[in-house]
Each structure stands twice: as C-alpha cells, then as structure tokens.
Amino acid sequence: MLGDLGTASLAVGLACATLTALLWLRVALFAAPARPARLGTAATLATAAIACGMLEAALLRHDFSVRFVAENGGRRVPIYYTVTSLWSGLDGSLLLWLLVLAGYAAVLARRPYPARLHGYAMMVVSTVTMFFFALSRFAANPFREVIPVPADGPGPNPLLQQHPAMGVHPPLLYAGYVGLVVPFALALAAPLTGPEGRGWLRVARPWALVAWAALTAGIGLGAWWSYAVLGWGGYWAWDPVENASLLPWLTATAFLHTAVGRAAGRAGWSTALACASFVLVLLGTFLTRSGAVTSVHAFTDSPLGPMLLGFVLLAVVASTVLTGRRTAVPPRRDAPLLSRATAVLVNGVLLVTIAAVVLIGTIFPLLSGPLSGTRASVGQGYYQRTAIPLAIVVLLLAGVTPALRDRAGALRRLVVPGGAALATVAVVGLLTRPGLPALTAFGAAAFVLTGLAGELTNRVRRRGRGAVGLAGLVAHAGIALVAVGVAGSSAYGRDTEGTLRTEEVLRVADVTVRLDGVDRAGGQDGMTVRARLRLIEADGAERTVTPALRYHPARDAAVTVPVIDTGLTRDTYVTLIAVAADSGSATLRLAVNPLVGLLWAGGALTALGGLLAAVGAARRRRSPERPDDQRPTPVAVGPGAVP
C-alpha cells in the first residue's frame with residue numbers, strides 16, 4: 001500500500017513539475033498571471049513531501065515489501081538511524097534531494113522579482129525538478145515491490161550508524177548543493193529578459209550566500225564525521241566524492257566575490273561562475289551516484305550514470321548558448337590596478353584555478369582508463385603540490401584586500417599585519433620547524449587575523465555597518481582558523497601502529513597506552529570487541545579508554561569505533577585495528593593530532609559568516625531600488641574582500 005502510494009506520488013510529481021515548467025514559461029513569454037504557476041510549484045513540493053513521507057513511514061513501520069526498506073531498514077535499528085536511513089541509500093537520497101529542490105522552488109516562486117526574469121528562472125528550476133522526478137520515478141524508484149517479503153532487513157550501512165552527524169550532514173550538504181540552482185537559473189534567465197535582467201546579480205546574491213553557508217557547514221560536518229568514525233585519524237583524503245563537494249564551493253566562493261562592488265561589472269565572469277557552480281554540482285551527483293568512482297562516501301553501481309551525464313552535458317550546452325547572448329550593460333569605469341576590486345578578481349581567478357586543479361585530479365582516473373587501458377590514480381601529493389600553494393596565496397590576498405579600501409593608506413595598513421606574519425614565521429620556525437608549507441600557512445593566517453582585528457577596530461571606531469560588516473570579518477577569520485588547524489595537524493601530527501600483548505605499551509610523542517586486556521561481547525546485532533587501554537598523558541594523568549571493533553553480520557561488515565581524547569590544543573586518537581583469535585594481543589593505532597579543534601571552530605565561523613551575509617543581503621534586497629553607483633557595496637565571504 002505505502003509502495004503504491006509512493007510510486008503514485010512520484011508520477012504525479014513528475015506531471016506537476018512538467019506542467020509547472022510550462023506555466024512559468026507562459027508567465028515569461030506572455031506576461032500571464034503567475035498564480036497558476038505558483039500553485040503548480042506548491043503542488044510539486046507537496047508531491048515530493050508525500051513521497052518522502054511515504055518512504056519514512058515504510059521505514060518506521062518496517063514494511064519490508066518496499067524494496068528500499070528491505071535493503072536499508074531493520075527491526076533492531078534505533079529510531080534515529082531509521083529516520084536517517086532515508087538518505088543512507090541511493091534511491092532514498094534522491095527523494096531528499098527532490099524535497100530540498102522543490103522547497104527552494106516554492107520559496108523562489110513567492111518572491112516579488114521582475115516578471116520575465118522570475119518566469120524564466122522558475123522555468124529552469126522547474127525543468128531541473130522535472131528531471132530529478134523522472135530520475136526517481138523511472139531509474140531509482142525506492143518503492144518497487146519485493147517478493148517474497150523478507151522478515152527483516154540489514155539496516156543502513158554500519159558506518160552511517162556510528163555518529164549522529166549523519167542526521168544533519170547530508171541535509172545540509174544537499175541544501176548547499178541544490179541551492180546553487182537558483183543563481184544558475186537566474187544567470188540563464190537574465191540574457192532572455194533583456195534590460196530587465198540586468199539586476200540578476202543583486203537577486204541571486206542572497207540565494208548564493210544561503211547555499212554557500214549550507215555547503216560550508218555540510219563539508220565541515222562531513223570532515224568531522226570522517227574524523228570521528230572512519231578510524232584513520234584524518235578528516236580530508238582528497239577522495240573523489242570529497243572533491244565533488246569542494247569544487248562547487250570554490251566556484252561559488254569566487255562567484256560571491258566577483259559579484260560585489262566594481263567586480264560586478266564583469267557580468268560575463270559572474271554568469272560563468274554561477275553556471276559552473278551548478279554544473280559542478282551535477283557532475284558531483286554523477287560521480288557519487290553512477291558508480292564511476294570508488295569511495296566510502298559514494299553509492300554503488302546504478303543505472304543513473306548515463307542519465308546524469310546526459311543532463312550534465314545538457315546544462316553545459318544550455319549555459320554556453322544562453323549566456324553567449326548577454327545583453328549589453330552600461331559601461332563601468334575600470335578599477336585601478338592597486339584596488340580592492342582588482343584583488344577580489346585576482347582571488348576569484350585563483351579560486352577557479354584551484355577548482356580546475358582539483359577537477360583534473362578527480363576525473364583523471366576516469367579518463368585514463370579508456371585512453372590508456374589502465375586506470376591511473378592521483379595521490380595526495382598531487383594536491384599538496386598544486387592546490388595547497390594556491391590556497392595559501394588566496395589566504396594571503398584575503399589579508400591584503402581589506403587594506404585596499406583606498407590607495408593612499410594601503411601600505412600603512414599592511415605594516416602591522418605584515419609584522420605579525422613575519423614574527424609568527426620567525427618564532428614558529430625557530431621553535432618548531434614545521435616545514436615550509438605549514439610555516440607559510442601560519443604566517444598567512446597571522447597576516448589575515450591581524451588585519452581583520454585592525455579592520456574590526458576601525459569599524460567600531462567609525463560605528464560601521466554592524467552585523468552586515470561583521471559577516472565578512474567572521475567568515476574570513478574562520479578561513480584563517482581552518483588554515484591554522486590544517487597546517488598544525490599536518491605538520492605536528494604524529495602516529496604509530498603496533499601489536500601489543502597484555503601489559504605492553506605503545507608510545508607516540510609524549511603519550512603512552514598500555515593494553516590491560518581484550519573483552520568480547522556478542523548479541524543479536526553482532527559482536528563487539530573492545531581493547532581496555534590505560535592512556536597516560538605527559539603530565540602523568542591516566543584514564544581508561546576502550547576503542548572497539550564491531551561486527552555486523554547483517555551486512556557482513558566490521559567497523560572501527562575509535563576513541564578521541566580531546567584536549568585544549570590537541571586530540572589523542574586511538575584505533576583498534578585487529579585482535580588475535582585468542583584475545584591475547586591487539587593491533588592498535590595511536591595518534592596525536594594538534595590543533596584539530598581550530599578546524600572545527602573555523603568551519604563553524606565560516607558558515608556563520610555566510611549566514612550573516614545572507615541576512616544582510618536579503619535585507620538590502622528588500623530595500624528600495626537605487627542606481628548601481630548609490631548602492632552599498634555588498635559583503636563578500638570566503639577568501640577575499642571584506643568591504
């Protein structure tokens with residue numbers, strides 16, 4: 001019953017999305033009333049919500065006649081992870097994607113934008129919604145019937161039941177991914193509307209900021225989940241699926257910066273970045289859901305690959321054709337070479353260059369197989385030699401840009417940040433010798449943070465723009481803290497592995513663990529093996545920690561459950577890798593990860609800065625229209641300008 005209702009809701013949703021796209025085209029072409037199109041958009045959202053509700057109901061009721069429930073549900077799965085099972089599998093995750101997409105469309109439909117621009121943009125969003133409804137209905141229908149009906153299911157992937165962040169990370173990531181469809185739609189709509197479309201950047205900015213903030217938070221939570229669950233002690237492995245989330249973040253950051261102030265005069269550049277961001281979202285969806293790449297984050301082989309790849313190509317062609325017929329814009333005076341606008345544009349170019357480098361490393365293994373007959377791999381060294389140096393330059397420019405608000409005092413404003421950077425490099429280099437990349441990152445972060453502190457002081461003295469101006473400062477401070485966290489954990493992190501018998505010890509840096517014993521516990525859900533360890537810190541403090549291995553027979557999978565002892569300046573990370581059959585010995589990994597906490601704090605600050613900027617941009621959008629030369633300079637976030 002639930003399966004039939006779910007399948008029917010997908011079919012009705014596909015029809016609603018198709019009709020809605022046509023109704024919005026009618027609004028754009030013939031200035032027809034928008035009410036029928038808005039009702040169609042609301043109906044599309046309702047069908048997506050019903051489909052998600054039906055699948056959640058099937059999961060909670062353990063209706064194993066529904067294929068998705070039979071493959072991802074289980075009677076012994078906790079309720080929280082039963083609910084999150086919706087996005088633990090390919091077909092269910094597409095329903096969540098549809099719900100978020102339809103939600104964005106419904107909110108966009110209610111906005112009072114210029115009629116033709118609004119109509120064309122909504123037609124694009126409705127067309128994208130129609131495609132994903134078709135994908136879910138015909139290629140990834142989670143409601144297909146299972147015969148015979150099993151008595152129980154295996155539950156979701158055990159890795160997805162290890163950390164509560166899985167309840168928040170995918171929805172946030174999808175909110176960031178899908179939200180970039182709105183700037184994409186507005187960028188395609190603007191050339192079709194003539195002079196009416198000239199203000200599309202001002203319309204798109206709040207949407208891009210919301211999506212960027214959500215994507216930032218989603219990436220940060222994903223890194224946290226990887227660190228806390230996978231047991232390898234790291235948070236970013238340049239995995240293809242990780243890269244797929246980073247790529248649109250980079251181009252969206254570049255878009256936000258090139259769409260402000262005098263940089264906004266490069267309309268073609270902003271249009272290209274808005275289109276590229278969503279095309280990269282679609283490409284990431286293809287990589288994640290086609291089985292083209294092997295990753296702990298990716299879904300297995302599926303029939304979606306050709307359809308998704310075809311839609312990516314269609315989006316590229318549509319972007320090229322439509323944005324090639326841009327309407328003329330009033331000429332603007334070029335910014336001086338030494339100016340904030342020029343620095344913002346240079347940062348945008350660097351961000352796009354980083355995205356290109358990461359894209360090449362991500363898709364090269366896919367291309368090498370057909371071209372050479374053997375599938376090559378791209379290791380972390382490639383990214384460390386290419387993307388990391390460029391990122392450090394971006395960080396440095398983020399510190400230079402605020403000082404360029406006027407050329408007269410630019411050099412004077414750079415003296416204190418420059419001195420702080422040199423002092424940091426000298427002190428840290430002499431005391432710890434972390435290596436050139438980390439030392440450069442520390443110096444760049446000191447440069448940025450000192451400059452931001454000076455900028456904040458000046459704003460307080462001038463009684464500046466409050467929360468609006470604060471947004472850029474918060475976001476850039478977050479980026480600098482992330483840089484310190486990454487550099488510190490990479491340069492100073494230490495780890496070792498060893499097989500211990502009872503009472504033997506393993507040491508790394510000034511931390512020691514002693515194996516006191518191994519405990520085994522079995523149950524209906526499988527077996528858990530724990531190593532009882534005595535953790536001894538440098539100051540003599542001791543405590544017992546119990547990293548574990550859990551075997552899940554329903555999935556025939558064993559997962560590690562590491563122990564992370566979080567301190568003020570570092571984490572001690574203990575992983576149980578293997579246990580002897582007689583429980584007489586255990587193989588352990590012991591790591592000390594300094595400054596990792598700054599990574600999480602910096603990510604939270606960056607996302608908060610994006611949200612503050614989105615609120616400020618939305619408020620300005622509701623203010624009366626003014627000529628371009630009388631509008632306040634919008635707030636940029638990410639590595640670049642702080643207006």
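Modeller: Below we chat about the salt bridges in this predicted model.

Biologist: Nice. How many salt bridges does the structure hold?
Modeller: Eleven salt bridges in total.

Biologist: Let's pick one. Which residue does D91 form a salt bridge with?
Modeller: The partner of D91 is R67, and their closest N and O atoms are 2.1 Å apart.

Biologist: And where do those two lie?
Modeller: R67 lies in helix α3 (residues 67–72) and D91 in helix α5 (residues 90–109), so this pair ties together parts that are 24 residues apart in sequence.

Biologist: Is D91 buried or exposed?
Modeller: D91 counts as buried, because its relative accessibility is 8% and the cut-off for buried is under 20%. R67 counts as buried too, at 14% relative accessibility.

Biologist: Which residues are linked in a network with D91?
Modeller: R67 and E71 are linked with D91 in a network of salt bridges.

Biologist: New topic: what about D519?
Modeller: The side chain of D519 meets that of R532 in a salt bridge, at 2.8 Å from N to O. D519 is in strand β3 (residues 511–523) and R532 is in strand β4 (residues 526–536), so the pair links distant parts of the chain, 13 residues apart.

Biologist: How accessible are they?
Modeller: D519 counts as partly exposed at 32% relative accessibility, and R532 is partly exposed with a relative accessible area of 31%.

Conventions: Residues numbered from 1 in each chain as written. Predicted model: local features only at pLDDT ≥ 70, side-chain atom pairs only at ≥ 80, totals over all residues. Heavy atoms only, no water. Salt bridge = Lys/Arg side-chain N within 4 Å of Asp/Glu carboxyl O. Helix = DSSP H or I, 4+ residues; strand = E, 2+ residues; numbered from the N terminus. Buried < 20%, exposed > 50% of the residue type's maximum accessible area, 1.4 Å probe, protein only.
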